Amino acid sequence: MLKVDKNITLNGSSLVNGVQVAWMSATISSDGGVGANKTITNQELYNSNKVEVRADITSFEEQVYKLEDELLKSESTEEVTKIRKAGK
């Protein structure tokens with residue numbers, strides 16, 4: 001039996017003067033699970049630019065939350081539609 005899982009992956013980089021300082025990744029699965037990672041790739045630039053890099057990380061996390069909420073809302077709407085169609 002074939003089982004197919006649908007996942008959405010987001011990747012982001014925090015750059016300082018064109019140099020990557022941090023890398024972020026998040027995967028949202030079709031069952032609503034979310035996995036996220038962040039890696040500091042340039043510790044020296046991170047230490048001297050923490051405010052900016054942390055703002056980028058926060059912005060990335062907010063985008064993940066927004067997409068997660070949109071998917072949950074979409075799934076809820078689809079479920080209501082299925083229930084209504086089944087009731088007819």
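First, the ground rules. The model is predicted, so local features need pLDDT of at least 70 and side-chain atom pairs count only at pLDDT 80 or more, while totals for chains, interfaces and linings use all residues. Residues are numbered from 1 along each chain as its sequence is written, and side-chain values use heavy atoms, with hydrogens and water left out.

Now the overall layout. The chain has three strands and two helices. Here, helices (H or I, at least four residues) and strands (E, at least two) are DSSP runs, numbered from the N terminus. Read from the N terminus, the order is β-β-β-α-α.

Of the 88 residues in the chain, 18% are buried. Buried means under 20% relative accessible area, exposed means over 50%, and partly exposed is in between, with a 1.4 Å probe and protein chains only. The chain exposes about 6,800 Å², and carbon and sulfur atoms supply 51% of that. Those areas come from the Shrake-Rupley method with a 1.4 Å probe; for residues, only the protein chains shown count as cover.

Next, the sheet. The three strands form an open sheet in the order S1-S2-S3, with antiparallel pairing. Two strands pair if DSSP finds at least two bridges between them. Which strands stand at the edges? They are S1 and S3; each has a single partner strand, so one side of each is left without a neighbour in the sheet.

S2 and S3, the latter being residues 34–40, pair over seven bridges. Ala26 has Ala36 in S3 as its bridge partner, and Thr27 has Gly35 in S3. The hairpin of S2 and S3 has four residues between the strands, and Gly32 there takes a positive phi near 95°.

Asn17 sits in the other loop I want to show, between strand S1 (7–16) and strand S2 (19–29). Its phi is near 50°, which is positive although the residue is not glycine. Most residues other than glycine have a negative phi. Is Asn17 buried or exposed? Asn17 is exposed, at a relative accessible area of 79%.

Last, Asn49. This residue lies in the loop between helix H1 (43–48) and helix H2 (50–87). Asn49 is buried, with a relative accessible area of 15%. What does the side chain of Asn49 reach? The backbone oxygen of Leu45, at 2.9 Å.

That is the end of the talk.

Key. Polar contact = N/O pair within 3.5 Å; in protein donor to acceptor, adjacent residues only side chain to side chain.
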